[in-house]
Amino acid sequence: MTTVAPPRAGAAIATVLGLVAVIVATAVGWNAGLLDAIVAPPPIVRAFLVGLAVAAGVTLLTRSIARMSASG
């Protein structure tokens, strides 16, 4: 037997997560050092993020091409 959450529970969770995001963003915005670390990460972190984005893009592209070719 599975239990299904009422539809309002999802909306309440989304609202709470949104409020948490606003509070965290406000706290980070007041801390200049932490804000600089997030906005301008070191070059090695940027390179890692670029590589991750390229790998994800290539993976998604190959999967989409495979699905299009399989559909005829």
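A word on ground rules. Residues are numbered from 1 along each chain as its sequence is written, and side-chain values use heavy atoms, with hydrogens and water left out. Because this is a predicted model, local features need pLDDT of at least 70 and side-chain atom pairs count only at pLDDT 80 or more, while totals for chains, interfaces and linings use all residues.

Let's start with confidence. The protein chain has an average pLDDT of 90, and 93% of the residues score at least 70; pLDDT is the predictor's confidence in each residue, from 0 to 100. Which element has the lowest mean pLDDT? That is H2, at 86, whereas H3 has the highest, at 96. Helices here are DSSP runs of H or I with at least four residues, numbered from the N terminus.

Now to the packing. Helix H1 covers residues 7–30 and helix H2 residues 32–39; their axes come within 5 Å and cross at roughly 105 degrees. So H1 is roughly perpendicular to H2, a label for angles of 65 to 115 degrees. The axes are lines fitted to C-alpha atoms, for helices over the stretch in contact, and angles run from 0 to 180 degrees between N-to-C directions.

Who touches whom? On the H1 side we have Val28, Gly29 and Trp30, and they meet Ala32, Leu34, Leu35 and Ile38 in H2, with contact meaning heavy atoms within 4.5 Å. By class, that contact has 6 nonpolar, 1 polar and no charged residues. Ala, Val, Leu, Ile, Met, Phe, Trp, Tyr, Cys and Pro count as nonpolar, Asp, Glu, Lys and Arg as charged, and the others, Gly among them, as polar.

Staying on H1, take Ile23. Is Ile23 buried or exposed? Ile23 is exposed, with a relative accessible area of 58%; the cut-offs are under 20% for buried, over 50% for exposed and partly exposed in between, with a 1.4 Å probe and protein chains only. Its C-alpha lies 38 Å from that of Ser64, 41 residues apart along the chain. Val16, also in H1, is partly exposed at 49%.

Finally, H3, residues 43–71. This helix has 29 residues and reaches 42 Å from first C-alpha to last, close to the 42 Å expected at 1.5 Å a residue; the expected span is 1.5 Å times one less than the number of residues. Leu52 sits in H3 and is partly exposed, at 49%. Just after H3, Gly72 takes a positive phi of about 100 degrees.

How values were computed: Helix = DSSP H or I, 4+ residues; strand = E, 2+ residues; numbered from the N terminus. Parallel < 35°, antiparallel > 145°, perpendicular 65-115°, else oblique.
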